[in-house]
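Please have a look at it first, and then we will go through it piece by piece.

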Amino acid sequence: MRVLPGRWPEGVESALNAWERPPVGPCIAGRVELPAEEARTAPMPAGLDARIVAALRRRGVEELYIHQAEAFEHARAGRNVVVSTPTASGKTLCYNLPVAQRLLEEPAARAIYLFPTKALSRDQELALRGLLGEAEVPAGVVTFDGDTPGDVRRVAREQGGVIVTNPDMLHTGILPHHPRWAKLFQNLRYVVIDELHQYRGVFGSHVANVLRRLQRVAAFHGAKPVFVCSSATIGNPRELAERLVEGSFAWVSESGAPRGARHLLIYNPPVVDAALGIRASYLKSACRLAGDLIDRKVQTLVFAQSRNAVELLVRYLRDHEHKQGRDPERISGYRGGYLPNLRREIEHGLRDGDLRCVVATNALELGIDIGALDAVILAGYPGSVAALWQRAGRAGRRLAPSVAVLVTSSSPLDQFVATQPDYLRHAGVEHGRVNPDNLEILLSHVKCAAFELPFERNESLGSLGGDGTGEVLHFLAEKKVLLDGGERYHWIADAYPAQQVGLRTVGAENFVVVDRSRDVVLGEIDFRGAHTMVHEQAVYQHAGETYQVEQLDYENRKAYVTPVDCDYYTDAQTYSRVTVLEREAEAKAAGGRVDVGWGEVRVVERVVGYKKIKFHTHENVGWGDVHLPELEMHTNGTWWTVPAALAESFELSRPALVDALHGLGYALRHVGAMKLLCDPRDIVANLSETVEGEIEAATLTLYEAYPGGVGLAEELFYVRESLLENVADLVGGCGCRGGCPSCTGPAEESSSDRRAGVRKLVRALRETGAPDAPATPAAGEDPPF
């Protein structure tokens, strides 16, 4: 083995060998070894044109993987098909081959490719154009997004054989102007939806309605396209595809792609305070492991959970490189908010090997071509088994061995994975959920659809049905948005509706971050994120550099910053208030003494201040106030209302009852995510108190992080008993003394025993009583089970 001048042997294997010994070895809580797999192939399909076969063979492809051949046959037969195979298994050919074949047979044919991000669209455009060019397919490939110049847009409308775009541009730039795209819609044969697993929650519910409108416009022009979808491994790919498109799908799930041996290590940082259950910083631990790989010349990708964590890790790793006498600029971040040109540079740097390490959010989880990496570090469990394997799959794109290391935090979900590593191998993969009939979302898209084409009186929008669609149309006519013309409903408002409907976020447009010292735009940040990241006096971190926010121009959506050399960053503090608006179903707990329910809730959130946190030591060195408008959201929630008078019967003081409810919410949020197979960030816990002198009642609410909700709150309500049982197991099995980040969270007061309080509270809530069994639906509603 060759040794680097000075210190370290090179390569993944040397890192794995070194990690067998202290200080890393004792902290390896588990391993998942995936052996190498041989390729399973099928002959080139008989119906595949010889020119395409020749182009593939020039690329060294003599046969197709079995999943590629199967997907081709389904698509050629006119069947909708969804392909869900692992990362880097060659899913691109599953849709490129049938499209190329159709374009050769029918030169006037058209296809739409939908990718969730502009970056992925541009990346895939190059791959498709290369294949079509080598196969002598006389059709153009044009990316149509917000960056496409006007002259190229005209070419796209008239000559584009394949339009590569994203749901946002389809929603605002194509469907409302469909008469100008008549050639596309008259000849539309295929719609390709890549990264299907990204279309869930609010975004997925919006996209389902965009696809309803797409099929409506295509039918008007006389076309009925075939849908070809590809997805990373999720629990319900066929169900999700059928819910999005509202049609039947064939499902291809067996991959024939080869892979090298993969090592997944679970690193659980050591306990530094046994009494409080506090472990060493998972971010610092991830930094040390990444630094170890970089020292061994292993190109590494680090996934962090937030934009702030990305910038911290970039700073720490650059400090490491500087101490080693190497170029710190070979460490880079990659996250939302970076401008497109900077992101392209980073992608090229990874592909070309110029960058040794990139720290990214889930922005690099998608299939953007970044070349072949040998190692991935995950700083924190990403919230789902599907996301974990998607990220880990970014390593090992060659057949050589690769390593992924999950560095767990102190959260209950992370600690569950650390103590039960087999869960990652055997657990069911999370489901993608959408609710296209969410009224808030549906109303917006019925407006858009009416702008595009008048509605016939008994017409159904997708699977909504004639009666359901009619109710919405009648409501909009009463609001003077539509004109009821007897046989048809016509759009009569002045506004252009699609422009007012965002598919991904609620609220106004993004904020732009401007470096005042150079008068240049550094990046952008979404509306909600601006409240916590670019409030005045915040330290804004960008590409490893620090800036202070001098002015936040709220009305014009601009944050003005100047470079600053400081040894701390800021962490915003928020306050939330939840109010029940409508009760869908109710029940009783604790022998009839506690009200339980689910329904619509109003969430008001406000950033009230910020802490100054020192780099490296993470000490709190100061604080400040923030004065910004409140953010409001209507969503769904499940709640428990506990009268304070019950504290004594629960064997708790009133302050201890409130603290126990905080701990119960902390545990329920994580246990609920595990139970529902969703991301913990989809569920938020809130405790509100009714105060008149002393506390009269406290209400613990678990609400969905999406406006309008996607059905999680209702599921939480109907599985509440098993959730409490799971919490009892979690808390009972924890070895801490009074509550820790791995079970209930630390107690509000150091003298209190939150863990014991939660155990008493759960025991009381699980008491059986006459009123506690069946839930009572609201009038006119039926329970789901």
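This is a predicted model: local features need pLDDT of at least 70, side-chain atom pairs count only at pLDDT 80 or more; totals for chains, interfaces and linings use all residues.

Let me begin with a cysteine: Cys 743 is buried, at 0% relative accessibility, where buried means under 20% relative accessible area, exposed means over 50%, and partly exposed is in between, with a 1.4 Å probe and protein chains only. Residues are numbered from 1 along each chain as its sequence is written, and side-chain values use heavy atoms, with hydrogens and water left out.

How many disulfides does a search of the whole structure find? The search finds zero, a disulfide being a pair of cysteine sulfur atoms within 2.5 Å. Cys 743 is in no disulfide, and the nearest cysteine sulfur, that of Cys 736, is 3.7 Å away. Cys 566 is in no disulfide either, with the nearest cysteine sulfur, that of Cys 287, 18 Å away; Cys 566 is buried, with a relative accessible area of 10%.

Now to the helices, which, like strands, are DSSP runs numbered from the N terminus (helices are H or I with at least four residues, strands are E with at least two). Two packed helices are described by the angle between their axes and the distance between the axes. Here axes are lines fitted to C-alpha atoms, for helices over the stretch in contact, and angles run from 0 to 180 degrees between N-to-C directions.

Helix α9, residues 201–220, and helix α17, residues 439–452, have axes that come within 10 Å and cross at roughly 25 degrees. The pair is therefore roughly parallel, since angles under 35 degrees count as roughly parallel, over 145 as roughly antiparallel, 65 to 115 as roughly perpendicular and the rest as oblique. Contact means heavy atoms within 4.5 Å, and the residues that make it include Val 202, His 206 and Arg 213 of α9 and Ile 441, His 445 and Glu 452 of α17. By class, the residues of this contact divide into eight nonpolar, four polar and four charged, where Ala, Val, Leu, Ile, Met, Phe, Trp, Tyr, Cys and Pro count as nonpolar, Asp, Glu, Lys and Arg as charged, and the others, Gly among them, as polar.

Helix α7, residues 167–174, also packs with α9, at an angle of about 45 degrees and with the axes 10 Å apart, which makes α7 oblique to α9. In this contact, Pro 167, Leu 170 and His 171 of α7 meet Phe 203, Val 207, Val 210, Arg 213 and Leu 214 of α9, giving six nonpolar, one polar and one charged residues.

Why is helix α15, residues 412–419, described as largely enclosed by the rest of the structure? Six of its eight residues are buried, among them Leu 413 and Val 417.

Finally, some local backbone features. Most residues other than glycine have a negative phi, and most peptide bonds are trans. The peptide bond from Pro 22 to Pro 23, however, is cis, with omega near 5 degrees, and Pro 23 is in the loop between α1 and β1. Lys 297 has a positive phi of about 60 degrees although it is not a glycine; Lys 297 lies in the loop between α11 and β14 and is partly exposed, with a relative accessible area of 49%.
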